Amino acid sequence: MKLAVVVGSTRPNRQTLKEVKWVAAQASLIEGIEAETVDLKDYPMPFFNEPLSPRANPNREIDPQVKKWLDKISSFDAYVFVTAEYNHSIPAVLKNAIDYLTTEITRKPSAVAGHGTVGGARAMMHLKEILSESRSVVIPQQVAFIGLSEGLDDDGNLSQTLKDNPYNPEVALKAMLEELKWYSDALSRARNS
Ligand SMILES: Cc1cc2nc3c(=O)[nH]c(=O)nc-3n(C[C@H](O)[C@H](O)[C@H](O)COP(=O)(O)O)c2cc1C
C-alpha cells in the first residue's frame with residue numbers, strides 16, 4: 001500500500017509536521033505499507049476559482065500548480081490527512097487543496113489524525129465529512145493527539161511519559177493504520193476486479 005501522509009498546515013513553525021513525522025514513521029513499521037510525506041507547502045495553489053465543480057467539469061482547465069497536486073495525490077492507494085484545528089475546523093489551505101480533488105481519491109481509503117486542545121476533534125469531524133463528500137472512503141478510526149508540544153519532539157518521537165500512559169496514542173495510531181491497510185487492500189482488489 002502506497003500511503004500519503006498529508007501535512008495539513010503550512011505556516012512557519014507548524015506543529016503538524018511533528019505529528020506527520022510520527023505517523024509516517026509508525027506506518028513504515030507495518031509490513032506492506034510504504035509511507036511518503038506530502039507537504040502542502042510544496043503545492044502552493046490559488047484559492048479555488050474554477051467555473052464549475054471539478055466533478056461536473058470533464059473539460060476542466062487545470063492550473064499547472066494544481067495539476068502537480070492532483071498527479072501526486074492520485075499516485076497513492078491510501079491517505080492519512082493530518083490536521084491542526086483552526087477555529088474549530090481545518091486550516092483553509094487544507095480545505096482548498098481538497099476542493100480541487102475528484103477522481104484522485106475516489107474509492108480509496110482515508111484516515112485522519114489531528115491535534116489541538118481537544119486533540120483536533122472538531123477539525124477531524126469536519127475533515128471526515130469533507131473527505132467523504134470528495135468520494136474517499138473514510139475509516140472510523142482516528143488519532144486525536146492532546147499535548148503535542150511536549151508529547152512529540154521535533155523528529156516526531158513520542159515522549160516516554162506518553163508511552164507509559166494507559167492512553168498511549170501510538171496504540172490508537174497502530175490500530176488506525178492497520179485498519180487503513182485492510183480497507184486499502186479490499187478496495188484496491190475491488191477497483192481492479
Ligand atoms: C488561527 C488559529 C485558530 C486556532 N483555533 C483553534 C481551535 O479552534 N481549537 C484548538 O484546539 N486549537 C486552535 N488553535 C491552536 C492550534 O490548533 C495549534 O496551535 C496547532 O498546533 C496549530 O497547528 P500548526 O502549528 O500546524 O499550524 C488555533 C490556532 C490558530 C493559528
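Select Val5 to begin: leaving aside residues up to four places away in sequence, Val5 touches Val20, Val23, Ala24, Ala27, Ala35, Thr37, Val38, Val80 and Val82, where contact requires C-beta atoms, placed from the backbone, within 7 Å. The model is predicted, so local features need pLDDT of at least 70 and side-chain atom pairs count only at pLDDT 80 or more, whereas totals for chains, interfaces and linings use all residues. Residues are numbered from 1 along each chain as its sequence is written.

Next, display the largest nonpolar core, which has 49 residues; such a core is a set of buried Ala, Val, Leu, Ile, Met, Phe, Trp, Tyr and Cys residues joined through C-beta atoms within 7 Å. Leu3, Val5, Val23, Val80 and Val82 touch the most other members.

Now select residues 2-7 and 34-39, strands β1 and β2, which pair in the parallel sense over 6 bridges (pairing needs at least two DSSP bridges; strands are DSSP runs of E, at least two residues, and helices runs of H or I, at least four). The chain passes from β1 to β2 through helix α1, residues 16-28, in a right-handed β-α-β crossover: with the strands pointing away from the viewer, the path over the helix runs clockwise.

Move to the ligand, which 14 residues surround (C-beta within 6 Å). The closest are Arg14, Gln15, Thr16, Ala84 and Gly116.

Finally, select Arg55, in the loop between β2 and α2 (64-74). Arg55 counts as partly exposed because it has 14 C-beta neighbours inside 10 Å (20 or more would be buried, 12 or fewer exposed).

Methods. Two residues are in contact if their C-beta atoms, placed from the backbone, lie within 7 Å.
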